[in-house]
Amino acid sequence: MSQRLETVISDKAEVKDLLRSEVSQALEAVLSTAQGSAAFSGIDPIELRRRISCLDFLPEEGLGFTEALRLLKDEVLEHMLRTWSTQYMPHLHSPSLLESIACELIIASYNDSMDSWDQSPATTEVELAVVRQLCSLVGYGAHSDGVFTSGGSQSNLSAITGARDAWCRRKLGWDVKKHGNPREYSRLRLYTSAISHFSMEKSCHLLGLGYEAVVKLPVDDMCRIDLDKADGIIARDVAEGRLPFCIVATIGTTDYGSVDDLAGLRKLADKYGAHLHADAAYGSGALMSRRYRERIGDLSLADSVTVDFHKMFLLPISCSAILVKDAFLLDCFSLHADYLNREEDEEEGYVNLVGKSIQTTRRADALKVAFSFLVRGRKGFEEIIDTVIGNADHLYRLLEADDDFIAPVRPTLSSVVFALKGGDEVNKAARRRLMAEGLVLGQTVKDGRVMLKATLLNPALGEDDLAALLERVRFCRGA
Ligand SMILES: *Cc1c(COP(=O)(O)O)cnc(C)c1O
């Protein structure tokens with residue numbers, strides 16, 4: 001194929017027709033893989049590598065759209081995970097809501113960039129409005145603010161950076177942005193649960209604090225920070241000259257969905273003069289549910305909150321936001337460049353969101369949130385959240401009543417950790433075998449024992465599917 005291909009959208013009728021045709025062929029290719037209920041083709045990893053590595057991804061002459069799509073469909077799409085499958089439940093990795101797939105097409109078509117108003121006039125205003133809405137959902141007041149990020153890891157890094165800068169200014173009279181780290185830096189400590197997300201360590205490394213600045217607090221039998229022990233540990237550290245600058249509550253741990261006690265941690269943060277961050281990457285979905293909202297506590301007690309939309313909210317990757325109770329916490333990212341966000345812009349009413357963000361070029365992900373919220377309303381999301389949390393409660397009841405299984409932690413959100421009785425090898429083998437059959441479960445370790453994990457984010461799962469799941473796992477024990 002050597003003819004010149006059309007490149008970008010224009011008002012020419014042929015170009016519009018071409019794009020219509022390409023989008024519809026792509027969608028057909030996706031839909032053709034949505035057959036049966038398996039989440040995965042089950043292909044062996046070596047075989048998959050062999051097949052994909054022998055493709056020439058940069059031919060001298062392009063194949064053209066139709067032929068390239070055919071190749072992609074046969075060699076790649078066939079072996080992609082069907083995140084929409086009711087047999088896919090290993091991670092906090094969700095299927096995409098239907099309307100959000102359409103919205104991704106809109107986002108990619110315009111390709112707005114959120115760094116400056118002149119690259120995203122309407123979507124900057126949408127992000128500002130969505131952030132205001134989210135702040136009010138969390139219970140934050142007029143001084144709050146926030147920004148969209150690439151995911152929970154970046155949201156957490158943003159919060160911890162803001163906390164570090166604000167703490168150093170307040171407690172040491174030190175401007176980190178200007179002068180770098182203060183002399184006392186090696187004594188700063190961040191306190192978080194022993195089962196918190198590893199972005200705490202990554203953030204502290206990137207901030208020059210190192211992993212050792214992260215103090216892991218022990219958890220109780222519900223996998224929540226043990227507050228009495230936490231107080232003792234922080235008090236001892238302070239007596240030894242360490243400086244607690246931040247406490248992080250996990251609102252939905254990655255494995256168990258367990259939720260730390262925000263009110264108790266707020267008291268500790270106040271006692272020691274630390275910033276309180278809520279990592280609600282997972283649990284924030286419960287904000288939409290009147291029934292389950294109390295399970296995540298009062299997020300407005302935290303000074304900053306991480307919300308992931310690519311988990312319980314079922315929006316396509318990536319989509320996350322960091323919300324802060326006081327807007328100044330995001331000042332740590334403000335910087336002016338003559339070519340991008342001149343200081344006079346803001347005086348004239350143009351908002352350049354780059355001033356709150358680690359990223360420069362940034363996708364218009366807030367539009368997905370705005371669109372799905374418009375399509376479904378709060379009640380539509382409530383239905384989704386009530387279904388998935390209800391499913392986890394149901395699965396736990398089935399496990400409790402079944403002599404072949406153990407389930408050590410009552411679920412708070414939509415994750416259930418369990419194991420077949422019979423030991424680690426039995427459970428590992430069961431997971432591998434189910435994966436080859438297209439049913440994908442997670443695996444983790446609790447108190448030294450290998451556990452299976454069902455992360456139930458898919459609202460299409462019903463109680464019958466859950467009963468069938470246990471039968472399939474049970475069957476593996478004998479096999
Ligand atoms: C998923 C998760 C993160 C990381 O979020 P990404 O969007 O994957 O970067 C952080 N904290 C918790 C508790 C999570 O579950």
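Which loop holds Cys223? Select the stretch between β4 (214-217) and α9 (227-239); Cys223 lies in that loop. Keep in mind that you are looking at a predicted model.

**Stop 1: Cys223**

Check the backbone here. Phi of Cys223 is near 65°, a positive value in a residue other than glycine. Most residues other than glycine have a negative phi.

**Stop 2**

Move on to α9 (227-239).

Now show the side chains. On α9, the contact is made by Leu227, Ala230, Asp231, Ile234, Ala235 and Val238. On α10, the partners are Gly264, Leu265, Leu268, Lys271 and Tyr272. Colour the contact of α9 with α10 by class: 8 residues are nonpolar, 1 is polar and 2 are charged.

**Stop 3: α4 and α12**

Select helix α4 (residues 98-110) and helix α12 (residues 366-400). Their axes come within 9 Å and cross at roughly 140°. That angle makes α4 oblique to α12. α4 passes α12 in a right-handed crossing.

Which residues of α4 make the contact? Pick Leu98, Glu99, Ser100, Cys103, Glu104, Ile106 and Ile107. From α12, pick Leu367, Lys368, Phe371, Ser372, Val375 and Arg376. By class, the contact of α4 with α12 has 7 nonpolar, 2 polar and 4 charged residues.

**Stop 4: the ligand**

Centre the view on the ligand. How many residues surround the ligand? There are 14, and the closest are Gly152, Ser153, Asp279, His310 and Lys311.

Next, look at individual side chains:

- Ser153: a polar side-chain atom lies 2.7 Å from an oxygen atom of the ligand.
- Lys311: a polar side-chain atom is 2.9 Å from a ligand oxygen atom.
- Thr254: here the distance from a polar side-chain atom to an oxygen atom of the ligand is 3.2 Å.

**Stop 5: Ile317 and Ser318**

Finish in the loop between β7 (304-308) and β8 (320-324), where Ser318 is found. Is the peptide bond that joins Ile317 and Ser318 cis or trans? The bond is cis, with omega about -5°. Most peptide bonds are trans.

Notes
Residues are numbered from 1 along each chain as its sequence is written. This is a predicted model: local features need pLDDT of at least 70, side-chain atom pairs count only at pLDDT 80 or more; totals for chains, interfaces and linings use all residues. Side-chain values use heavy atoms; hydrogens and water are left out. Axes are lines fitted to C-alpha atoms, for helices over the stretch in contact, and angles run from 0 to 180 degrees between N-to-C directions. Helices (H or I, at least four residues) and strands (E, at least two) are DSSP runs, numbered from the N terminus. Angles under 35 degrees count as roughly parallel, over 145 as roughly antiparallel, 65 to 115 as roughly perpendicular and the rest as oblique. A crossing is left-handed if the near helix is turned anticlockwise from the far one by less than a right angle, and right-handed if clockwise. Contact means heavy atoms within 4.5 Å. Ala, Val, Leu, Ile, Met, Phe, Trp, Tyr, Cys and Pro count as nonpolar, Asp, Glu, Lys and Arg as charged, and the others, Gly among them, as polar. A residue is near a molecule or strand if one of its heavy atoms lies within 4 Å of it. A polar contact is a pair of N or O atoms within 3.5 Å; within protein, one must be able to donate a hydrogen and the other to accept it, and residues adjacent in sequence count only if both atoms are side-chain atoms.
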